[in-house]
Amino acid sequence: MRTLSEGDILFILLAVRWTLLLSLIAFLGGAVGGLAVALARTGEIRALRLLARGYITVFQGTPLLMQLFLAFFVPSIFGINVDPWTAAALGLSLHASAFLGEIWRGSIETVPHGQTEAATALGLRYWPRMALVVVPQAVRIAIPPTIGFLVQLIKATSLASIIGFVELTRAAQIINNATFRPFTLFGLVALVYFVICWPLSAYSRRIERKLTLASR
Amino acid sequence: MTYEFEFGEVFAYWPELAAGAAHTLVLSTLAMAIGMVVAVLGALAKTSGPVWLRWIIDAYIELIRNTPFLIQIFLIFFGLPSIGLRLSPDAAALTALVVNVGAYGIEIIRAGIESIDGGQIEAGRSLGMKPLQIFRYVVLKPAIQAIYPALTSQFILLMLNSSVCSAIAASELTAAAGDIQSRNFRSFEVYLVVTGIYFALSVVLWSAFAGIEQAFLRKPSRR
C-alpha cells in the first residue's frame with residue numbers, strides 16, 4: 001500500500017476522456033440504430049414492425065451488464081477477438097439503439113395522423129413525408145427524453161469497467177487497489193459524474209417545462 | 001463457424017442458477033419494499049415538510065439520479081468501512097438498491113399525490129365521509145392507478161439493475177453466473193443462459209403486473 005499522490009488524482013481525472021468518448025460513440029451508434037428502430041417500429045411493413053418490437057423488448061428486458069458480457073463473448077464464437085473497448089462501444093450502442101428507438105417511436109406517434117394524411121394527399125412518398133413533415137415535428141418532443149437518456153448512457157459507461165475497459169470508474173478502482181482510499185476516490189469519481197450529468201438533467205427538465213407550457 | 005456449443009455444461013449447474021434467480025427476486029423485492037417506505041416518507045417531506053428538509057430531499061434525489069449505481073454501491077461497500085460501518089456484500093447490495101430506488105420512487109409517489117384532485121376530497125367530506133373513509137374510497141384507488149405503471153416498470157428496472165451487485169460479489173444471479181463460468185470456462189453459454197433467465201423474469205413480471213392492472217385497476221369506461 002502507498003499514499004495517494006497528485007499523479008493518482010490526475011490519472012483518474014484524465015480517464016474522464018474515455019468515459020466521454022465512450023458515451024459519445026455509444027450515443028452516435030445508438031442514434032443511427034435508434035432511428036432505424038423507430039422508423040421500423042412506426043413503418044408500414046408488418047415484419048419490420050414486429051422485428052423492431054422484439055429488439056426493444058429483448059434489450060429492455062435484460063440487464064445492460066449481460067448485454068455487455070455478450071458483446072464481449074459473442075464475437076469470439078465467430079473467431080473474432082474483441083478488446084474491452086470495442087465490446088463496450090458495441091454493447092452500449094446496441095443498448096442505446098433500443099432505448100432511443102422506443103423514445104423516438106413515442107415522439108413520432110405524437111405527431112397527429114392528419115399530418116401524414118395531408119402530406120400523402122400532397123403527393124409526398126414515405127421518405128420525403130417523414131423527413132420533411134413528421135420528423136421535424138417529432139424532434140421537438142424528443143429532445144428532453146433524449147437528453148435524459150444521454151444521462152443514463154453516461155452513467156451506464158461505468159459498467160464498461162466490469163468488462164475491463166479503463167474509464168473513470170476503472171481508473172479509480174486501479175488507484176484504490178494500490179492506495180486503499182475508497183471513500184475519497186469513489187467520492188471524487190461520483191462528483192465527476194455528477195458534474196457531467198447534472199447540467200444535462202437540469203437542461204432536459206427546463207426544455208420539458210417549456211414544452212408543457214407551450215402546448216397548453 | 002467452428003465453435004462447439006456446450007449448453008449441457010451450463011444446465012448441469014441448474015441448482016445454482018435457480019438459487020441465483022431466487023436471490024435476485026428476493027433482493028429486488030426487499031429493496032423495492034423498503035425503497036417504497038423511503039419514497040413515501042421522502043415524498044411527504046417534499047410536498048409538506050419544512051424548507052430545509054425539502055432541500056435535503058432534493059439534494060438526495062439529484063445526487064442519486066446523476067451518479068452511476070456502480071459508484072453508489074462501491075461507496076457503500078468499500079467506502080463506509082472507513083467511517084466504521086462494515087456491511088456484508090448482501091447487506092451493502094440491499095442498502096445500495098434501497099438508496100437508489102428511493103430517489104426515483106420519491107418523484108413517482110409525489111406525482112401520485114399531486115394527481116389527486118382537491119375537489120374530490122371536498123366532495124367526500126360534504127357527503128359526510130370520515131378522513132379514513134375518504135382515503136379508502138376516494139383517494140386510494142385513483143392514486144394507485146396514477147402511479148402503478150411507473151412503479152411496476154421501476155421494479156423491473158431495479159431487478160435488472162441488481163445484476164450490478166455482482167461487482168461486490170453479493171449473492172444473486174449474475175454473481176452465480178460468474179462463479180459457474182470460472183469453473184466450466186463456458187463464458188458465452190453461461191451468460192447467454194443467464195440473460196435468458198433475466199428475460200424470462202422480466203416477461204413474467206410484465207405479464208403479472210399487466211394482469212393485476214386488468215383485474216383491479218381498470219378505469220371505468222367513459223361514455
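This dialogue walks through a predicted model, from one chain to the contacts between two.

Reader: What should I know before I start?

Author: The model is predicted: local features need pLDDT of at least 70, side-chain atom pairs count only at pLDDT 80 or more, and totals for chains, interfaces and linings use all residues. Residues are numbered from 1 along each chain as its sequence is written, while chains are lettered from A and ligands numbered from 1 in the order in which they are written.

Reader: How many helices and strands are there in chain A?

Author: Helices (H or I, at least four residues) and strands (E, at least two) are DSSP runs, numbered from the N terminus. Chain A has nine helices and zero strands. Its C-alpha atoms fill a box of roughly 75 × 50 × 25 Å along the principal axes.

Reader: Where does UniProt place the "transmembrane region" in chain A?

Author: UniProt positions use the numbering given here, feature names are shortened, and annotations may be inferred rather than shown by experiment. The unreviewed UniProt entry gives residues 20-40, 52-73 and 180-201 of chain A. Residues 20-40 of chain A are 100% helix, with end C-alpha atoms 29 Å apart. Residues 180-201 of chain A are 91% helix, and their end C-alpha atoms lie 32 Å apart.

Reader: Which residues does UniProt list for "domain: ABC transmembrane type-1"?

Author: The unreviewed entry lists residues 16-204 of chain A. That span is 84% helix and 0% strand. Its end C-alpha atoms are 22 Å apart.

Reader: How do I read burial?

Author: Count C-beta atoms, placed from the backbone: a residue is buried if 20 or more others lie within 10 Å of its own, exposed if 12 or fewer, and partly exposed in between. Of the 216 residues in chain A, 41% are buried.

Reader: How many residues has the largest nonpolar core?

Author: A nonpolar core is a set of buried Ala, Val, Leu, Ile, Met, Phe, Trp, Tyr and Cys residues joined through C-beta atoms within 7 Å. The largest has 99 residues. Leu68(A) and Tyr191(B) are among those with the most contacts inside it. Helix α5 (residues 84-110) of chain A gives the largest share, 12 residues.

Reader: What does Tyr191(B) touch?

Author: Two residues are in contact if their C-beta atoms, placed from the backbone, lie within 7 Å. Not counting residues up to four places away in sequence, Tyr191(B) touches Met66(A), Phe69(A), Leu70(A), Phe73(A) and Ala177(B).

Reader: How many residues of chain B are in contact with chain A?

Author: There are 30, and they meet 29 residues of chain A. On that side of chain B, α9(B) gives the largest share, 10 residues.
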